[in-house]
Amino acid sequence: MIYLNDDIVGFDFEAALPLLSDQRREQALKFKHEQGRKTCAAAYLLLCEGLQKEYGITEKPVFEYGEHGKPSIIGHPEIHFNLSHCREAAICVITDRPVGIDIESIREYKDTLTRYAMNDEELAQITLSPYPAKEFIRFWTMKEAVLKLSGEGIRSDMKTVLTGQEVIETVVNEQQGYIYSVTY
């Protein structure tokens with residue numbers, strides 16, 4: 001199930017601090033800007049909400065990390081989750097199988113990044129789109145969700161991430177200014 005908080009402006013970071021595990025509190029406080037601290041904490045609290053609703057787990061989850069940084073919950077290998085956040089929102093997905101999710105702000109289109117990360121077919125779709133910035137972010141979130149599913153993370157060859165075999169759900173929220181993609 002997907003849990004989303006897109007009211008980051010109204011998120012009370014100070015009130016959230018005691019609700020975080022020591023591990024997550026330390027991670028959140030490493031962010032230089034308040035926005036990053038808020039979204040890091042908000043994503044974790046979404047995970048806590050989901051764990052309570054779906055599994056009856058009320059203790060604060062503590063993470064261990066795979067080779068490329070993919071988190072898992074210590075003591076609960078049967079629970080798969082993924083977190084992501086951007087300026088406007090924090091998101092969490094929880095399921096009983098491997099999963100990846102990414103959320104990104106719709107922002108200015110940058111041709112150099114697009115040429116670096118997209119293959120020729122994707123590049124054509126982006127440049128022919130009436131909204132290239134939105135189309136780029138859609139592709140980017142799809143690629144990052146797939147990489148987070150595998151636990152691989154961002155890699156140097158982003159052009160070959162999507163094979164066409166993936167099942168990816170993408171949601172565009174133009175009003176709030178973000179796009180997210182999830183894949184199982």
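Tutor: A residue counts as buried under 20% relative accessible area, exposed over 50% and partly exposed in between (1.4 Å probe, protein chains only). The structure above is a predicted model, in which local features need pLDDT of at least 70 and side-chain atom pairs count only at pLDDT 80 or more, while totals for chains, interfaces and linings use all residues. Residues are numbered from 1 along each chain as its sequence is written, and side-chain values use heavy atoms, with hydrogens and water left out.

Student: Is R87 buried or partly exposed?

Tutor: R87 has a relative accessible area of 48%, so R87 is partly exposed. The side chain of R87 also meets that of E88 in a salt bridge, at 3.6 Å from N to O. A salt bridge places a side-chain nitrogen of Lys or Arg within 4 Å of a carboxyl oxygen of Asp or Glu.

Student: How many salt bridges are found in the whole structure?

Tutor: Side chains of opposite charge can pair when their charged atoms come close. A search of the whole structure finds eight such bridges. One of them joins D22 to R25, with the closest N and O atoms 2.8 Å apart. D22 and R25 are three residues apart in helix α2, so about one helical turn separates them; helices (H or I, at least four residues) and strands (E, at least two) are DSSP runs, numbered from the N terminus. D22 is exposed at 59% relative accessible area, and R25 is partly exposed at 22%.

Student: Which residue forms a salt bridge with E122?

Tutor: The partner of E122 is K143, and their closest N and O atoms are 2.8 Å apart. This pair links distant parts of the chain, since E122 lies in helix α5 (residues 120-128) and K143 in helix α6 (residues 132-150), 21 residues apart. Both E122 and K143 are buried.

Student: How many residues of strand β5 are buried?

Tutor: Six of the six residues of β5 (residues 90-95) are buried, so the strand is largely enclosed by the rest of the structure. A90, C92 and I94 point one way from β5, and I91, V93 and T95 the other way.

Student: Which strands pair with β5?

Tutor: Two strands pair if DSSP finds at least two bridges between them. Strand β1 (residues 2-5) runs antiparallel to β5 and is joined to it by four bridges, with Y3 opposite C92. Strand β4 (residues 80-85) is also antiparallel to β5, over six bridges. Within this pairing, H80 has T95 as its bridge partner, and a hairpin of four residues joins β4 to β5.
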